[in-house]
Amino acid sequence: MKDDILTRAAKLVRQLFSFNPPPTSMKGSNMNQKKIFLSEQDIPKQWYNIVADMPTPPPPILHPGTGQPIGPDDLAPLFPMGLIMQEVCQDRFVDIPEPVLEALQIWRPSPLIRATGLEKALGTPAKIYYKYEGVSPTGSHKPNSAVAQAYFNKAEGVMRLSTETGAGQWGSSLAFAGGLFGQEVKVYMVRISFDQKPYRKALMQTYGAEIVASPSPDTNAGRAILEKTPDTPGSLGIAISEAVEDAATRDDTRYALGSVLNHVLLHQTVVGQEAMKQMEIAGEYPDIIIGCCGGGSNYAGLAFPFMRDKINGKDTRFVATEPASCPTLTKGEFRYDFGDTAQLTPLSPMFTLGHQFVPPPIHAGGLRYHGDSPLLSQLVKDGLIEAEAYGQLDCFESSITFAKTEGIVPAPESSHAVHGAVKHALEAKEAGEEKVILFNLSGHGYFDMAAYTNFLAGTLEDHAMTDEEVKESLKALEGLPTV
Ligand SMILES: Cc1ncc(COP(=O)(O)O)c(C=O)c1O
């Protein structure tokens with residue numbers, strides 16, 4: 001009798017406290033769910049390498065001196081061999097090492113959110129989903145690659161890293177990752193952002209990084225530019241020159257780049273792989289996939305896992321969005337060009353506005369880059385990705401609608417993706433089509449409130465690069481090899 005009571009009591013306790021989680025994939029049954037979370041078990045264990053599936057493989061990177069394809073040894077002064085091997089990797093999937101997974105676990109998986117408030121405000125039949133990367137410690141997608149790069153450097157004994165930062169997002173992400181793995185980090189921050197974003201500086205210093213405005217007096221490249229143009233707002237191209245020079249002239253230092261390179265895009269594919277699972281749980285597949293594009297990493301991170309399906313026959317539109325003041329994909333040429341202003345990097349095949357281009361100081365600092373990722377450029381060239389350029393005022397306008405309806409204030413870079421989503425949702429409304437739109441909200445804008453203050457005060461200006469200006473800027477490519 002006593003045993004019977006005990007058994008029944010135990011059963012009751014089990015019933016009260018046991019929780020059977022719903023199956024991870026409930027296709028079609030969560031149509032009205034606002035947020036779709038995955039469990040930590042769902043963090044991808046491998047990165048996806050699109051090179052294995054591209055219809056046209058990207059042309060090789062060239063040595064600027066010889067004009068010949070570079071080999072892994074040419075890159076060794078700048079990067080650890082682990083990352084160089086990822087740069088030239090042809091395998092479809094690459095395992096993520098355990099210490100990197102442990103670091104990613106701090107904030108991943110990130111949520112997929114249906115922008116129901118925005119949909120209502122626009123009165124669109126389109127369904128708008130966004131992958132929110134602002135939940136990372138530094139507020140954007142950048143730590144996805146920063147922790148991987150810090151780890152692969154540490155694995156080869158590299159304890160000092162140099163880098164550039166435009167908006168401050170990449171610099172703070174590498175500072176965070178360096179702090180995590182015990183490395184020193186020196187950040188060359190584009191002068192205009194250095195002045196506009198004092199709290200990004202403070203964040204980097206909090207993680208233990210050293211930070212200097214670029215161009216700086218610390219490098220030959222910086223000194224030469226300061227001599228010619230002491231008032232320059234700086235550019236990513238200049239800051240890259242300084243960070244590359246720092247690494248190339250010190251044995252204890254390697255360089256880390258926050259975008260453009262194949263291995264950086266590879267690291268970002270955790271975003272798209274998670275989003276695929278989350279869209280499946282929502283019972284949807286996107287008709288249009290949108291992301292802002294500076295060097296290409298956040299957009300590639302979201303888009304490339306889905307692009308594999310498109311290459312295999314799925315009918316999805318891919319739209320990369322960029323500023324009209326730095327229209328690399330929409331007005332640039334697909335050419336070999338240097339990644340930096342001082343011509344220290346190898347020559348990459350990419351859409352470019354010319355390495356001497358200094359974009360006007362718009363607030364989306366992370367989108368002010370003259371070039372673009374070679375992988376993404378090739379897919380644009382092959383017609384698999386479309387590109388659209390927007391003025392910054394339209395982007396801020398859309399971001400304010402987004403903030404009022406969804407609550408999150410987008411980073412100025414991400415506002416180009418938000419505007420893309422708004423534009424395509426309004427086109428769907430016009431056409432009476434129930435499109436499914438997915439975009440990457442690559443970061444939040446809480447360190448960028450000065451930009452919003454200026455916008456609200458009406459002091460921000462639009463600037464679109466004219467065809468004449470593009471022609472002039474592309475003169476920097478004269479004499480360089482063509483693709
Ligand atoms: C929030 C955010 N989104 C997008 C970008 C653009 O870079 P990428 O094209 O590599 O994602 C940046 C760059 O700094 C950024 O900070």
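Which helix gives the most to the shell around the ligand? I shall come to that after a word on the model. This is a predicted model, in which local features need pLDDT of at least 70 and side-chain atom pairs count only at pLDDT 80 or more, while totals for chains, interfaces and linings use all residues. Residues are numbered from 1 along each chain as its sequence is written.

The answer is α14, with 3 residues. Helices here are DSSP runs (H or I, at least four residues), as are strands (E, at least two), and both are numbered from the N terminus. Around the ligand there are 21 residues, and Gln169, Ser259, Gly294, Gly366 and Gly443 come nearest; a residue is near a molecule if its C-beta atom, placed from the backbone, lies within 6 Å of it. Both α7 (169-181) and α14 (297-311) supply at least two residues of this shell. By class, the shell has 7 nonpolar, 13 polar and 1 charged. In this count, Ala, Val, Leu, Ile, Met, Phe, Trp, Tyr, Cys and Pro are nonpolar, Asp, Glu, Lys and Arg are charged, and the others, Gly among them, are polar.

I turn to the domains. The protein is divided into domain 1 (98-140 + 265-477) and domain 2 (141-262), with bounds from an automatic or database domain assignment. At least three residues of the ligand shell come from each of the two domains. The C-alpha centres of domain 1 and domain 2 are 22 Å apart. Their contact takes 45 residues from domain 1 and 38 residues from domain 2, where two residues are in contact if their C-beta atoms, placed from the backbone, lie within 7 Å. On the side of domain 1 that touches domain 2, the elements giving two or more residues are α4 (98-104), α12 (262-267), α13 (269-282) and α14. The largest share, 4 residues, is that of α4.

The largest nonpolar core has 122 residues, and Ile128, Val147, Ala303, Ala320, Ala421 and Ile437 have the most contacts inside it. Domain 1 and domain 2 both give residues to this core, so it lies between them. Such a core is a set of buried Ala, Val, Leu, Ile, Met, Phe, Trp, Tyr and Cys residues joined through C-beta atoms within 7 Å. A residue is buried if 20 or more other C-beta atoms lie within 10 Å of its own, exposed if 12 or fewer, and partly exposed in between, with C-beta atoms placed from the backbone. Apart from neighbours within four places in sequence, valine 147 is in contact with Val100, Ala103, Leu104, Ala177 and Leu180.

Some backbone features deserve attention. Most residues other than glycine have a negative phi, and most peptide bonds are trans. Valine 260, however, has a positive phi near 70°. Valine 260 sits in the loop between β9 (253-255) and α12, and is buried, with 26 other C-beta atoms within 10 Å. Glutamine 343 also has a positive phi, of about 65°, but is partly exposed, with 17 other C-beta atoms within 10 Å. Two cis peptide bonds may be mentioned: one joins arginine 108 and proline 109, with omega about -10°, and another runs from serine 214 to proline 215, with omega near 5°. Proline 109 is in the loop between α4 and β4 (112-114), and proline 215 in the loop between β8 (210-214) and α10 (220-228).
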